[in-house]
Amino acid sequence: MEFPKPLVPTNPLSSISTFIHQNCVRLGSELSCRLDDTRRLAATLAGRLQRQTLPPFAALSQPKQAVAATLTTDCVAKTLVGTAVYTVSNSNNEFVLISDPNGAKSIGLLCFRQEDAEAFLAQVRLRKRELRGQAKVVPITLDQVYMLKVEGIAFRFLPDPVQIKNALELKAADISTGFDGVPVFQSDLLVVKKKNKRYCPIYFQKEDIEKELSKFRASRGSGVSQHIMVGSLEDVLKKMEMSEKNSGWEDLIFIPPGKSHSQHIQEVAKV
């Protein structure tokens, strides 16, 4: 699958100040892009499994004639609980937005790394003098972001450049082609069942899923294949919104960076 050029620099590890500056300039001409302005994931896996065991990044089935009930907004938002992103707000806790040259449209910038949000804050203070002493970096959870997006508020994610690099390496893609969206990682080996509920963990960091797979291999033997699938957060959310209940997509659960799936599932199950 080919991806259009991303909103990240060709070299994902370039200086963050240049990174933010390039994004601010490019965002002005691309504000019509929204959180869900990505193509659906269409990866094809050989040897398809039965529907109840189909990995979430597998090929999508053809649309059915009869439209069944799809996943609710609350159901999708619940899978995102616990993962924080960072943005810049003013003294009234209102998002600092990036506007196009005509001021017709504005979006909020959400960073997956706090250090990137701090760099964005520095740019805001430099460009908007009235906010120099008022702007600050604030966290917001992805489930809150998703509900705001449903209400029509536009956001653009600033992915972790290290994970962009990891995703491109996994896809054996030329780094110059870029990656569209926020990378997420999954393996069907890590699907678990707890209290009659099925959980399919989705990770934001390749290092986290590799750690979990290492534990799995240690318990099952080194002969177990360590296959990691990569997709984008935007693609997965869009597919969830289009999926029917009991299709398997409601089993997804996004694991916050640095946490194990067992720890996060236990915390979510208590809620």
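What covers the buried residues of helix H8? The cover includes strand S7 (192-194), strand S8, helix H6 (206-220) and strand S10. The model is predicted, with a mean pLDDT of 74 for the chain and 69% of residues reaching 70 or more.

**Confidence along the chain**
- The pLDDT is below 50 over residues 1-56, a stretch that has 119 contacts in the model beyond near neighbours in sequence.
- Residues 58-67 also have pLDDT below 50, and this stretch has 13 such contacts.
- Where pLDDT is low, predicted coordinates should not be read in detail.

**Nonpolar cores**
- The largest nonpolar core holds 25 residues, of which Phe-112, Phe-157, Phe-204, Leu-233, Leu-237, Met-240 and Phe-254 touch the most other members.
- At least two residues of this core come from each of helix H2 (73-78), helix H4 (142-150), strand S5 (155-158), strand S8 (197-203), helix H7 (233-242) and strand S10 (252-255).
- Helix H7 supplies the largest share of this core, 4 residues.
- Beyond its neighbours within four places in sequence, Leu-233 contacts Leu-80, Phe-112, Phe-157, Val-182, Val-184, Phe-204 and Phe-254.
- Another core, of 17 residues, lies apart from the largest one; Ala-167, Leu-190, Leu-213 and Ile-255 are among its members.

**Helix H8**
- His-261, His-264, Ile-265 and Val-268 are buried in helix H8 (residues 261-270).
- These residues lie on the same side of H8 because they cover an arc of only 100° around the axis.

Conventions:
Residues are numbered from 1 along each chain as its sequence is written. This is a predicted model: local features need pLDDT of at least 70, side-chain atom pairs count only at pLDDT 80 or more; totals for chains, interfaces and linings use all residues. Side-chain values use heavy atoms; hydrogens and water are left out. pLDDT is the predictor's confidence in each residue, from 0 to 100. Contact means heavy atoms within 4.5 Å. A nonpolar core is a set of buried Ala, Val, Leu, Ile, Met, Phe, Trp, Tyr and Cys residues joined through side-chain atoms within 4.5 Å. Buried means under 20% relative accessible area, exposed over 50%, partly exposed in between (1.4 Å probe, protein chains only). The arc is that of the directions from the helix axis to the C-beta atoms.
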